[in-house]
Amino acid sequence: MLQTAVILLLEGSINKLLQTDEVTCQALAGLNGRVFEFNISDAPVHFYLLPYGGGIALQQQFDASVTASFKGSLKDFSQLLLAEDKATELFGNGVLISGDTHQAGKLQKIIGSAQIDWQGLTAAVTGDLLAHQLANVFNAGNRQLAITRHSLELNIGEYLQEEIQLLPARAEVQGFVADIDDLNQDGERLSARLDLLQAKIQKAAQT
Amino acid sequence: MSQADKDTTDFGYKEVPKGDKVKHVADVFHSVAAKYDVMNDLMSGGVHRIWKKLTIEQSGARAGMKVLDIAGGTGDLTLRFSRIVGSSGRVTLADINDSMLKVGRDKLTDKGAIANIEFVQANAECLPFPDNHFDIITIAFGLRNVTDKDAALRSMQRVLKPGGKLMVLEFSKTDNPMLSSVYDFYSFNILPKLGQIIAGDGDSYQYLAESIRMHPDQETLKSMMIAADFVNCKFQNMTGGVVALHTGIKP
């Protein structure tokens, strides 16, 4: 009962958000009748998502075959949620998809292009003027946060590589790795030639 | 003496002529139709949504199925079923009461759910559908208002496809004495007053409390379903038995 209550709350909240994005709602209608299974491997979370025109239904139980299944760790799914390029995160980083991958791709595309009107939702509570100002403050904060993060990454890298010389420069590491790859390939080629030579010697000895 | 052999039937705690129960029940629902959803949320603290959600999940409904929602009222189950069965499926909302049907139709139209739903005014005892027609039949909080429950179960069995599932979600009996006394106090002292304040009709909610007490308990309803030729009959108690979900399959 408790899990069902949580699912109901989650479903209601997601649908409220989706209703601010008419394009996404219309796109979801195209997936009506499909069922997507989500399985989070390192948490007891397993549910089914049923899209329809105007939102989604979430179920804990579905007694028939599903269109596609998504399986991954909590980290994989959270990266997917936070990623700017969701296609890369979904298909390249740990989320395993089985079943009809074409329909799974459609769902991914819809989720990826969803644009929730947070300002509109805030405006319903606070009024237009305050919501607009809050959105400006939030956007400015976000921009500043991105600049700070980028600057911090550069400074830490420079400190570790140049000041205390704990780490080599990226180009140096990349060169070293490329040298190892070349050496590895040369070793494999040499091994193959030796095998060929040995085979020829054995053949000559038999005749 | 079986229900079918008697000339009178229960209307809450009262015995009324069989022919009159339909009219009495109709009056109750004409009176409360407009405030039905608000009252449901208030009376159950929103828990009725969880009971219905569990029913949907256990129905096994999928795209393309035909579903009959008897006593569908304001369409809570119908709305969810219509989203699951999609454009290739069909949901029929049947209710004997035209006021409830109108409220349900308006509510579903407002939510944009019209394409795969039809509305039928029908008596559960003699359903106006062909034999072996539906994949799933649900009746949520409706069976206790039916005059001849055995006839209704037989009628549902007839219109269900072989292998189809009947689901009866209904108030039932708690086996916890503490919960029972709290539930009784709530039902007979608070519920009618809530009904009076919100829906302007305390008597209808007095009937609701009485009709729940007069409704067959879990085991009796299960045996009635077996008698109507359903197999694999079972029930699942919810909220300590305040509500039970009975399921049966047409062989």
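**Getting to know a two-chain predicted model**

Colleague: How are residues numbered, and what pLDDT do local features need?
Modeller: Residues count from 1 along each chain as its sequence is written, while chains are lettered from A and ligands numbered from 1 in the order in which they are written. Side-chain values use heavy atoms, leaving out hydrogens and water, and since this is a predicted model, side-chain atom pairs count only at pLDDT 80 or more, totals for chains, interfaces and linings use all residues, and local features need a pLDDT of at least 70.

Colleague: What is the area of the nonpolar surface patch with A:Leu167 in it?
Modeller: Patches take residues with over 30% relative accessible area and no salt bridge, joining nonpolar side chains (Val, Leu, Ile, Met, Phe, Trp, Tyr) within 5 Å and like charges within 9 Å. The areas come from the Shrake-Rupley method with a 1.4 Å probe, counting only the protein chains shown as cover for residues. A:Tyr159, A:Ile164, A:Leu166 and A:Leu167 make this nonpolar patch, of about 410 Å².

Colleague: Now the interface: which three residues supply 32% of the area that chain A buries against chain B?
Modeller: With contact meaning heavy atoms within 4.5 Å, 17 residues of chain A are in contact with 20 residues of chain B. Buried area is the accessible area (1.4 Å probe) that two parts lose on being put together, summed over both; here it is about 1,500 Å², with 60% from carbon and sulfur atoms. More than any other three residues, that 32% comes from A:Met1, A:Leu8 and A:Tyr52.

Colleague: How many salt bridges are there between chain A and chain B?
Modeller: A salt bridge needs a side-chain nitrogen of Lys or Arg within 4 Å of a carboxyl oxygen of Asp or Glu. A:Glu11 makes one with B:Lys53, at 2.9 Å between the closest N and O atoms, and another with B:Arg80, at 2.6 Å. B:Arg80 sits in helix H4 (residues 76-85) of chain B and A:Glu11 in helix H1 (residues 2-18) of chain A, so that pair joins two chains. The count between the chains is 2.

Colleague: How many residues apart are B:Asp76 and B:Lys107?
Modeller: Their side chains meet in a salt bridge (2.6 Å, N to O). The pair links distant parts of the chain: B:Asp76 is in helix H4 of chain B and B:Lys107 in helix H5 (residues 98-110), a separation of 31 residues.

Colleague: Is B:Thr92 buried or exposed?
Modeller: B:Thr92 is found in strand E4 (residues 90-95) of chain B. Leaving out residues up to four places away in sequence, it touches several others, including B:Val67, B:Phe129 and B:Phe134. Its relative accessibility is 2%, so B:Thr92 counts as buried.

Colleague: What is the phi of B:Thr239?
Modeller: B:Thr239 lies in the loop between E8 and strand E9 (243-249) of chain B. It is partly exposed because its relative accessible area is 34%. B:Thr239 is not a glycine, yet its phi is positive, at about 50 degrees.

Methods:
Helix = DSSP H or I, 4+ residues; strand = E, 2+ residues; numbered from the N terminus. Buried < 20%, exposed > 50% of the residue type's maximum accessible area, 1.4 Å probe, protein only.
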